[in-house]
Amino acid sequence: MDIYAVRRRGGWILLAVAVAVIGIVAYFSSSLVSELAAQERSRMELWADATRRLASESADGADVDFLLSIIEANRTIPVLLTDADGRILLHRNFNLPEPADTLDPLSISAANEAFLRSRLAEMRHSPRVIGIEIAPGVMQHLYYEDSRLLRRLSIFPYVQMLVMGVFIAVVYFALTATKKAEQNKVWVGLSKETAHQLGTPISSLMAWMDYLRTIAPEAESAVTEMEKDVERLAAIASRFSKIGSSPGLEEGSVGEVMLRSGAYMRNRVSGKVVWTVTDLSAGAIVEMCEPLLEWVMENLIKNAVDAMSGEGSLTLVCAASSTHVSIEITDTGRGIARRDFKRIFQPGFTTRKRGWGLGLTLARRIVETYHHGRIYVRASEPGRGTTFRIDLPLKDQTHTD
């Protein structure tokens, strides 16, 4: 079973559990807030009833003490009591401002009055108001706000969601980082093992070529061609050995790399491919590892030829701007569906019956990780062809297009 698929499934399960937890907590928190709000409403209705009864003439001494105790018991809910004309008769549990001149009673009273009038204007737009008929045709109005506890509890679900969201993000990035780290170890191990395994047969082939020169001088031309291919194998082994380590970057011309890679591949692919190679970079210089960049170019060219089934037109263009050098490789092959523009760079993804789906993954690693550039599908249309593009940043220098 694919370990990455298992981890992705585990990540989705974790996300589903987190969302379920958030939903449950939000539901119970909302229920608790609603219940507490109902309780505060009941307390205010009781407070209003006590106020009404105190204003009536039927209350005796015992009732007065009891009713006053009800009013005095409210130490948490901000309350404003007004008459029918909107004059403030009583207020409780407001944090009144402190005026600059705390020694002037008039200044304090004016500041408090202004503050309470401002709060009253806001509370009139709230449903938290209870009418009190203290006498036939005589009304007072009780305005109240949520207590501090209720306000804090109201935002608690959002705090929980935020914390849970942060938790999910941390877990997601941790899983992603772990996945990338393990993938990197796989690619590095595979590359270095490939380089190691190629080393022995390459050394043996070199020895055999020296022996052939000795016993068959007339085969010198064939041995020379064999030597070129063995040198190529040695270069490939060197490329793989550089995967996973920081390759030395040297100044060089991307256009020359493109021309060299094109010339090498041109003699090793179908003769039915029509080549067009154009260097418009005017020798623009970048810092690069030539063996690795050549490998990327050759891999893209080979993929393009395969996409055309060995017959069609292949165009290579290198051009420079004020910030970067670009290489575009265009074929007239079967094309790529838009939904696969990014997927083709994922490890294991391939459209061929035989293939591991690692070439473009390694190409992206070389371009983006080692050269700080970008590789992507610039354009493609199924049945008409594809254009791959590589952008590499110019070395810091004055450059004229």
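Q: The expected span of a helix is 1.5 Å times one less than its number of residues. How far does helix α8 reach from its first C-alpha to its last?

A: This is a predicted model, in which local features need pLDDT of at least 70, side-chain atom pairs count only at pLDDT 80 or more, and totals for chains, interfaces and linings use all residues. Residues are numbered from 1 along each chain as its sequence is written, and side-chain values use heavy atoms, without hydrogens and water. Helix α8 has 12 residues, and the expectation at 1.5 Å a residue is 16 Å. Its reach is close to that value, at 16 Å.

Q: How many helices and strands are there in the protein?

A: Helices (H or I, at least four residues) and strands (E, at least two) are DSSP runs, numbered from the N terminus. α7, at residues 290-307, and α8, at residues 359-370, are among the helices. The protein contains 8 helices and 11 strands.

Q: What share of the 401 residues in the protein is buried?

A: Buried means under 20% relative accessible area, exposed over 50%, and partly exposed in between (1.4 Å probe, protein chains only). Cysteine 318 is buried because its relative accessibility is 0%, and cysteine 289 is buried because its relative accessible area is 3%. Across the 401 residues of the protein, the buried share is 36%.

Q: How many of the residues of α7 are buried?

A: Helix α7 has 18 residues and spans 26 Å from its first C-alpha to its last, close to the 26 Å expected. This helix is mostly covered. Of its 18 residues, the number buried is 13.

Q: At what angle do α7 and α8 pack?

A: The axes of the two helices lie 10 Å apart. On the α7 side, the contact (heavy atoms within 4.5 Å) is made by Leu292, Trp295, Val296, Asn299, Leu300 and Asn303, and on the α8 side by residues including Leu360, Ile366 and Tyr370. Axes are lines fitted to C-alpha atoms over the stretch in contact, and angles between N-to-C directions run from 0 to 180 degrees. Here the angle is about 145°.

Q: Which residues of α8 are buried?

A: Several residues of α8 that touch α7, among them Leu362, Ala363 and Val367, also belong to the buried set. The complete set consists of Leu360, Thr361, Leu362, Ala363, Arg365, Ile366, Val367 and Tyr370.

Q: Is asparagine 93 buried, partly exposed or exposed?

A: Asparagine 93 is found in the loop between β2 (88-92) and α3 (105-123). Its phi is near 65°, a positive value in a residue other than glycine. Because its relative accessibility is 29%, asparagine 93 counts as partly exposed.

Q: With which residues is asparagine 95 in contact, leaving aside its neighbours within four places in sequence?

A: Asparagine 95 lies in the loop between β2 and α3, and it is exposed because its relative accessible area is 60%. Asparagine 112 is 17 residues from asparagine 95 in sequence and 9.7 Å from it in space, C-alpha to C-alpha. With neighbours within four places set aside, the contacts of asparagine 95 are Phe115 and Arg148.
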